[in-house]
Amino acid sequence: MAVPKKRTSKSKRDIRKAAWKRKAAVSAAKALSLGKSILTGNNTGFIYPQPDAEEETEE
């Protein structure tokens, strides 16, 4: 089984963890922004099916 030869320093570990968390934070911010734009109707980069007016009146 492969094992590392030397221990990784705490600073390297923290740098990697911070990069991972930053990537997740950016993705979360983009998702929130997209959700807000869909709710307000200002979206341009997201395509989703629009409900037909006939379907809403039948219910």
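**Reading a predicted helical chain**

Q: In which helix is Ser-37 found?
A: Ser-37 is found in helix H1, which covers residues 10-40; helices (H or I, at least four residues) and strands (E, at least two) are DSSP runs, numbered from the N terminus. This is a predicted model, in which local features need pLDDT of at least 70, side-chain atom pairs count only at pLDDT 80 or more, and totals for chains, interfaces and linings use all residues. Residues are numbered from 1 along each chain as its sequence is written, and side-chain values use heavy atoms, with hydrogens and water left out.

Q: How many helices and strands are there in the chain?
A: The chain has two helices and zero strands. After H1 comes Gly-41, whose phi is positive, near 85°.

Q: Is Ser-37 buried or exposed?
A: Buried means under 20% relative accessible area, exposed over 50%, and partly exposed in between (1.4 Å probe, protein chains only). Ser-37 counts as buried because its relative accessibility is 18%, and of the 59 residues of the chain, 3% count as buried.

Q: Which residues is Ser-37 in contact with, leaving aside its neighbours within four places in sequence?
A: Contact means heavy atoms within 4.5 Å, and with those neighbours left aside Ser-37 is in contact with Asn-42 and Asn-43.

Q: Which side chains meet in a salt bridge?
A: Side chains of opposite charge can pair when their charged atoms come close. A salt bridge is a side-chain nitrogen of Lys or Arg within 4 Å of a carboxyl oxygen of Asp or Glu, and by this rule the count comes to one: Arg-13 and Asp-14 meet at 3.2 Å, N to O. Asp-14 is partly exposed at 40% relative accessibility, and Arg-13 is partly exposed at 43%.
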